[in-house]
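Hi,

Here is the structure I promised to pass on. Have a look, and below it you will find my notes on what turned up.

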Amino acid sequence: MGGSSGQVIGYRHYAKFALFIGNTIEGIHAINIDKRGWVRKLFNDHRFIFTMVDKNLFGETEGGYVGTIDIRFGLDDQAVNEDWKKEVPLISSYPYQSYLVFRGIREHGGWVADIANEVGATEYFYLGNSGYMKEMLLWPKRIHIRNDGREQWYDAKSEVVTYNTGSEPNLQYSGACVHNAYLDGFQTSTYIENLHWTIHPDPNSNKDMGSVGASYRQNSPFNSDFPYSTASAKYVSQINSKGKVKVTGRVVVAGQTWNIYPVEGSDLIDEISVTFYEGNETTKHYLIEAWFDLTNTDKFGLQVDVSGNVEDPTHLYKDLSAQIIWNYFYGPYPYDGTPSGDMNPIHKIREILTDDTAMNKPETSVNDANFMKAADWIFDEGLGISWSITEKSCMDAINELCYHIEAGIRVNRQTGLYEMVLFRDDWFEEDEIHSIPENKIKKGSMQYEITNADEVINQVNVNYYDRQNIKNSSFSISESGLIQTLGRVNAETVDFPYFMNMRNAEIVANWKLKILSTGVLKGSFTTGWREARKWNRYDLIRLPWSKRWVGTILVRIMSIKLGGPTSNEVSIEWVEVVPSTGMMNTTIVADDPVNTQPEVPKPCNAKVFELPYFEAVQAFGEREVGIELTDNPEIGYLCAIAEKPQNNSLSAALYADSGSGFERVATVNYCETAYLDQAIDRISGSFVVKNVGNIASIRIGSQVFINDETMVYQSYDAQTKVLNVKRGAFGVPQIHVANSILYFADDFIAVDQTLYVDGETVDAKVLTTTPSGVLALSDAATHEVEFNARAIRPYPPANVKINGEYWPAELETDLIITWADRNRVQQTGGEILGWFDGGVTIEAGVTTHLTLIQFDENEVELETVSVNVSAANTYTYPMSALEVDTRTIRVELKTVCDGYECLNPFIHTVELSQFFSAPYNLIVEYVE
């Protein structure tokens with residue numbers, strides 16, 4: 001029993017390989033295998049690696065991933081990966097190519113080694129048991145550097161931060177850098193009046209915020225996304241940061257007045273605090289603290305003016321020191337309320353224009369002032385984008401980006417430089433808007449029409465990418481007034497594949513809907529006016545045409561063509577401008593979010609206990625159990641039953657730890673359960689239950705476990721929810737509170753085949769298993785089971801009555817006890833007896849013992865009577881034998897076999913009635 005069969009039940013698969021990503025990146029946020037959840041980066045030995053440790057990631061059968069993933073970022077000077085070099089000695093470092101190397105974890109030791117030993121310590125990456133690679137989602141990042149690793153242009157506005165939940169971020173990843181500070185004007189032994197200090201960062205330490213950030217993050221488990229040294233700290237970006245000035249020391253305070261304020265240019269977050277503590281009346285320790293916001297500057301400090309006379313210079317200032325403490329708060333990480341950074345699309349458009357892998361235009365051909373204005377605008381609007389491009393023409397990519405942000409790109413005909421135009425109401429200043437006299441428009445050249453004259457669009461269906469749920473998603477925006485006017489929906493679809501959240505898609509979709517639902521004019525005209533030759537595409541014109549409208553309308557130039565060598569005519573196509581601001585009567589309809597990820601394992605309710613003799617015979621056979629008990633009567637087995645916690649779980653795993661760590665010992669198939677709707681006493685055989693499982697599948701006569709009692713299932717009325725059972729099988733009925741769980745064991749008891757002995761204590765856990773994994777040991781409740789040789793112990797007496805009653809409260813006459821015998825060896829087949837059923841022939845070698853203990857009114861023991869009552873099933877104890885001061889009697893009835901007592905003896909305490917008879921003489925005195 002308990003031995004392994006040696007049968008091969010599956011194979012583990014290992015590999016060492018490189019996975020190429022593409023061009024240079026600045027980091028990897030996370031990796032998601034088979035959409036089982038994002039694994040975040042761990043830091044080790046000053047190298048940027050992922051350490052994946054989840055041997056049950058794909059479920060109990062398919063295993064998981066265990067190993068280390070080295071990251072190469074595509075730098076021009078990146079080193080050859082040593083593990084990759086072992087396989088291919090002449091391998092390249094692949095400059096400007098980012099890639100991952102999957103390898104084993106044996107050399108890292110420590111806590112990883114423990115897991116490695118479970119899946120086989122190896123130089124290779126553990127890929128699970130299925131033999132094929134699962135789908136892998138990578139979350140790379142490249143915003144603050146360019147394709148060739150150079151610093152990003154106008155980096156301060158390159159990353160647009162948005163929030164996944166729409167709430168304030170919980171910037172929990174933080175740390176501190178401590179540097180010494182200078183105290184200009186600091187004095188230690190001088191008679192003073194009107195002393196002035198200036199407290200600021202030590203100029204001999206590195207006070208550059210970017211450099212401090214890089215230096216700190218290289219030594220933190222919450223590291224940054226880039227492997228650059230302090231010298232390359234210009235690439236470091238920060239979501240938020242703040243610094244604190246802290247000054248401590250001892251000072252004479254009597255007769256002094258302090259005035260403390262921040263240095264000019266500091267951004268003080270909160271009030272400056274000054275705390276005095278310890279010391280005597282004149283010389284005390286003190287602490288000055290002040291927090292500053294360092295998000296946009298590294299300039300901060302305090303100025304302290306101390307006025308007043310101090311006549312004892314020897315105790316003026318001692319042990320005075322100052323520190324500058326930087327605290328960093330940064331992200332992003334997926335889907336936990338923290339911010340998620342996207343790239344500013346203006347930066348991406350400029351990169352496509354100038355990068356040597358794209359259009360390769362010289363940077364001097366870009367109007368930087370104009371692009372910076374556009375970058376600031378988009379940054380403030382929060383319209384960041386994310387994308388991964390495999391193959392696309394440069395102009396198609398630029399046009400798609402412009403479509404996402406309602407913008408256009410042009411070459412200014414006067415300067416020859418690329419410029420951005422955002423289609424916003426106030427993009428152009430008033431003096432930049434052109435005007436043309438009506439007589440300058442060539443007769444017969446003015447053409448115009450109303451857009452959407454026949455089919456006004458009153459709804460847009462929006463497609464975007466939902467990064468939070470890792471899927472394409474959609475919603476619709478409708479112009480309610482137009483729908484009512486038309487009496488039907490006339491929809492058009494807009495696609496925003498580079499927006500990662502609904503917020504951005506909704507903003508731009510509203511602009512699109514306003515344009516599509518407005519019947520505006522569009523047309524063309526020709527002019528020979530010289531000034532028109534200076535105009536550019538996307539410029540605005542105040543256009544007059546008295547034959548059609550009064551005054552002028554504002555139009556945008558969509559295309560402009562100059563005449564040839566013999567003509568000075570300019571042909572212009574235009575469209576009336578629709579204001580981007582202003583309210584519409586819109587409604588948004590979004591589908592309820594659907595969680596497509598596998599449901600993770602949840603903790604389950606379970607009962608873990610020592611296997612009873614009856615169940616041991618059912619599991620192993622009476623003969624084999626008898627042999628085991630003959631060889632060692634103190635043995636026992638661990639067993640468990642469990643309630644199904646979720647629909648996608650088919651079974652649970654029983655883990656046991658007898659001192660050497662938890663090991664899997666059995667598979668637990670879930671049993672049906674119900675909950676008590678009310679508290680029940682020891683006698684009730686029928687009661688109401690709730691949260692009932694599929695009881696119809698349960699065999700009549702099977703066991704029901706509740707707390708420390710075993711019942712026997714008889715019937716269930718689905719309409720009244722009344723459950724009928726036999727009480728106290730193999731033991732004594734107990735009292736149970738409402739909401740206690742009834743486990744309908746039937747054939748669902750899982751048994752650990754390890755042999756344990758009397759007195760041994762085992763910790764056990766029942767871990768829910770699902771296709772997506774196994775519940776972590778730390779998340780499961782611990783069940784402590786102390787073994788007490790349950791299988792060899794006889795059953796206790798049953799159907800015990802005292803003076804013909806079950807558990808009476810009072811006793812008035814002689815104590816008469818009756819009971820029924822049980823037989824552990826005989827009761828292994830047929831119908832299971834309840835506690836209230838009649839008796840059977842007592843088990844051979846079993847004796848029955850009765851103990852009566854008398855107590856006085858203060859619960860002091862007066863007398864104990866022990867009797868071997870094996871000869872009969874009744875015993876009488878006369879009242880005349882009681883001690884005079886006896887007020888209560890505790891009745892204990894148990895069985896014993898070969899020195900092993902039953903586990904659940906009958907124990908009940910009964911009070912003596914105040915109206916008892918002789919031998920007491922009652923003397924009553926009447927006093928008038």
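Along strand E22, Tyr418, Met420 and Leu422 point one way while Glu419 and Val421 point the other way, and all are buried (under 20% relative accessible area with a 1.4 Å probe, protein chains only). In a regular strand, side chains alternate between the two faces of the sheet. Because 5 of the 5 residues of E22 (residues 418–422) are buried, the strand is largely enclosed by the rest of the structure. Strands here are DSSP runs of at least two residues, and helices (H or I) of at least four, numbered from the N terminus.

Please keep in mind that this is a predicted model: local features need pLDDT of at least 70, side-chain atom pairs count only at pLDDT 80 or more, and totals for chains, interfaces and linings use all residues. Residues are numbered from 1 along each chain as its sequence is written, and side-chain values use heavy atoms, without hydrogens and water.

E22 pairs with E21 (residues 407–411) in the antiparallel sense over 5 bridges; pairing requires at least two DSSP bridges. Gly408 sits opposite Val421. In their hairpin, with 6 residues between the strands, Gly416 has a positive phi near 75°.

Met420 is also among the residues with the most contacts inside the largest nonpolar core, along with Phe371 and Phe496; this core has 45 residues (buried Ala, Val, Leu, Ile, Met, Phe, Trp, Tyr and Cys joined through side-chain atoms within 4.5 Å). Helix H8 (residues 502–516) gives the most to this core, with 6 residues.

Best wishes

Conventions. Buried < 20%, exposed > 50% of the residue type's maximum accessible area, 1.4 Å probe, protein only.
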